[in-house]
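User: Hi! Could you walk me through this protein while I have it open?
Analyst: Happy to, let's bring it up.

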Amino acid sequence: RIVYVNGAYLPEAEATISVFDRGFLFADAVYEVTTVLGGKLIDFHAHMARLDRSLSELDLTAPASHDDLLAIHRELVTRNGVDEGLIYMQVTRGAADRDFLFPAKVTPPSLVLFTQAMALRDKPAARTGIRVASVPDLRWGRRDIKTVQLLYPSMAKMEAVRQGADDAWLVEDGVVTEGTSNNAHIVTAGGTLITRNLSHAILHGITRAAVLRLAADSGLTIEERPFTLDEAKAAREAFVTSASSFVMPVISIDGMAIGDGTPGPVAQRLREIYIEEADRTAI
Ligand code: PLP
């Protein structure tokens with residue numbers, strides 16, 4: 001596999017980053033994950049807009065223009081022959097002597113990209129649905145910034161799997177924030193789609209935004225507000241959204257079946273129209 005590191009396309013075994021890189025020492029880095037479908041990029045410009053926001057919230061320097069980043073994404077897709085999968089892009093504050101203070105801007109940011117080819121359109125889990133377990137949300141208070149501090153979500157997913165589930169739903173004061181790497185949604189008995197409103201509490205998912213647009217266009221009533229774990233367990237349907245899972249039905253929470261315990265019609269329909277739209281608009 002060819003990866004991109006600071007201006008060079010290299011075989012992965014030859015790619016290196018400094019041990020003093022602040023991404024490595026302080027998780028002083030932000031990232032984006034963009035989906036490749038049919039060799040094209042889904043929602044590329046929305047991902048770049050969110051990257052700019054993450055960079056500016058942390059006073060990080062943009063490593064390249066959107067046009068240059070698009071060219072690098074496309075070059076990696078071509079070089080690695082990716083038809084379906086993900087492109088991971090990380091920007092760090094770069095290498096500097098270890099110090100809690102940010103170094104002067106003369107330290108150039110580091111830019112790393114790699115591809116992960118994988119089946120996304122026809123994932124078996126999309127047909128069966130996934131089981132989630134609730135785990136306390138012990139992350140920091142700025143989850144809207146897409147940083148590489150992913151240790152706690154990783155621990156939470158380990159805990160969920162230990163409990164026999166597939167993923168965790170993170171819960172704070174009885175309220176669901178989001179999944180470990182996805183946004184959480186429920187559909188009430190009355191057919192209303194409820195999803196957590198945007199704030200510092202959750203990542204502003206690109207897929208969440210696209211799915212809410214499509215849901216509104218198809219006439220669904222949407223409420224953007226916090227919902228409790230109890231409300232979720234009593235919901236008719238539950239699902240998650242992310243760049244890698246699109247729309248993924250949730251069939252149980254803490255072992256309690258959601259609806260009849262099979263993927264719900266709203267989630268399945270939203271998955272279909274999301275993929276149709278992605279195929280139509282990918283660049
Ligand atoms: N929430 C968290 C914590 C995430 O890590 C992610 C994606 O990685 C998402 C939500 C979904 O965001 P997106 O739809 O942009 O992939």
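**Valine 36 and its surroundings**

Analyst: Let's start with valine 36, which touches Leu41, Val77, Val82, Glu84, Gly85, Leu86 and Ile87, leaving aside residues up to four places away in sequence. Keep in mind that this is a predicted model.

User: Where is valine 36 found?
Analyst: Valine 36 is in strand S3.

User: And is valine 36 buried or exposed?
Analyst: Valine 36 is buried, because 25 other C-beta atoms lie within 10 Å and the cut-off for buried is 20 or more.

User: What separates the C-alpha atoms of valine 36 and valine 82?
Analyst: The separation is 7.4 Å, although valine 36 and valine 82 are 46 residues apart along the chain.

User: OK, stepping back. How is the protein divided into domains?
Analyst: Into domain 1, residues 2-117, and domain 2, residues 124-281. Their centres, taken over C-alpha atoms, are 26 Å apart. Domain 1 puts 21 residues into the contact and domain 2 puts in 13 residues.

User: Which elements give two or more residues to the domain 1 side?
Analyst: Strand S3 (29-37), helix H2 (44-57) and S5 do. S3 gives the most to that side, with 8 residues. By class, the domain 1 side that touches domain 2 has 10 nonpolar, 7 polar and 4 charged residues.

User: Now the core. Which residues have the most contacts inside the largest nonpolar core?
Analyst: Those are Val132, Ala168, Ala238, Val247 and Val250, in a core of 62 residues. Strand S14 (residues 246-253) gives the most to this core, with 6 residues. Domain 1 and domain 2 each supply at least three of the core's residues. As a general point, nonpolar side chains tend to be buried together in soluble globular proteins.

User: What does valine 250 touch?
Analyst: Not counting residues up to four places away in sequence, valine 250 touches Gly129, Ile130, Val132, Ala238, Phe239, Val240 and Ile258.

User: Switching to the ligand. Which residues come nearest?
Analyst: Of the 13 residues around the ligand, the nearest are Leu203, Gly205, Ile206, Thr207 and Ala243. Helix H6 gives the most to this shell, with 3 residues. Strand S13 (237-242) also supplies at least two residues of the shell.

User: Tell me about helix H6, please. What is its reach from first C-alpha to last?
Analyst: H6 (residues 206-217) has 12 residues and reaches 17 Å, close to the 16 Å expected at 1.5 Å a residue. Its buried residues are Ile206, Thr207, Arg208, Ala210, Val211, Leu212 and Ala215.

User: What comes just after H6?
Analyst: Just after H6, glycine 219 takes a positive phi of about 90 degrees.

User: Last one: where does alanine 95 lie?
Analyst: Alanine 95 lies in the loop between strand S5 (84-92) and strand S6 (110-117). It touches Ser18, Phe20, Asp21 and Thr107, again not counting residues up to four places away in sequence. Alanine 95 and threonine 107 are 12 residues apart in sequence, and their C-alpha atoms are 6.8 Å apart in space.

User: Why does alanine 95 count as partly exposed?
Analyst: Because alanine 95 has 19 C-beta neighbours inside 10 Å, and a residue needs 20 or more to count as buried, or 12 or fewer to count as exposed.

Note on methods:
Residues numbered from 1 in each chain as written. Predicted model: local features only at pLDDT ≥ 70, side-chain atom pairs only at ≥ 80, totals over all residues. Core = buried A, V, L, I, M, F, W, Y, C linked by C-beta atoms within 7 Å. Helix = DSSP H or I, 4+ residues; strand = E, 2+ residues; numbered from the N terminus. Domains from an automatic or database assignment. Contact = placed C-beta atoms within 7 Å. Expected span 1.5 Å × (residues − 1). Near = placed C-beta within 6 Å. Nonpolar A, V, L, I, M, F, W, Y, C, P; charged D, E, K, R; others polar.
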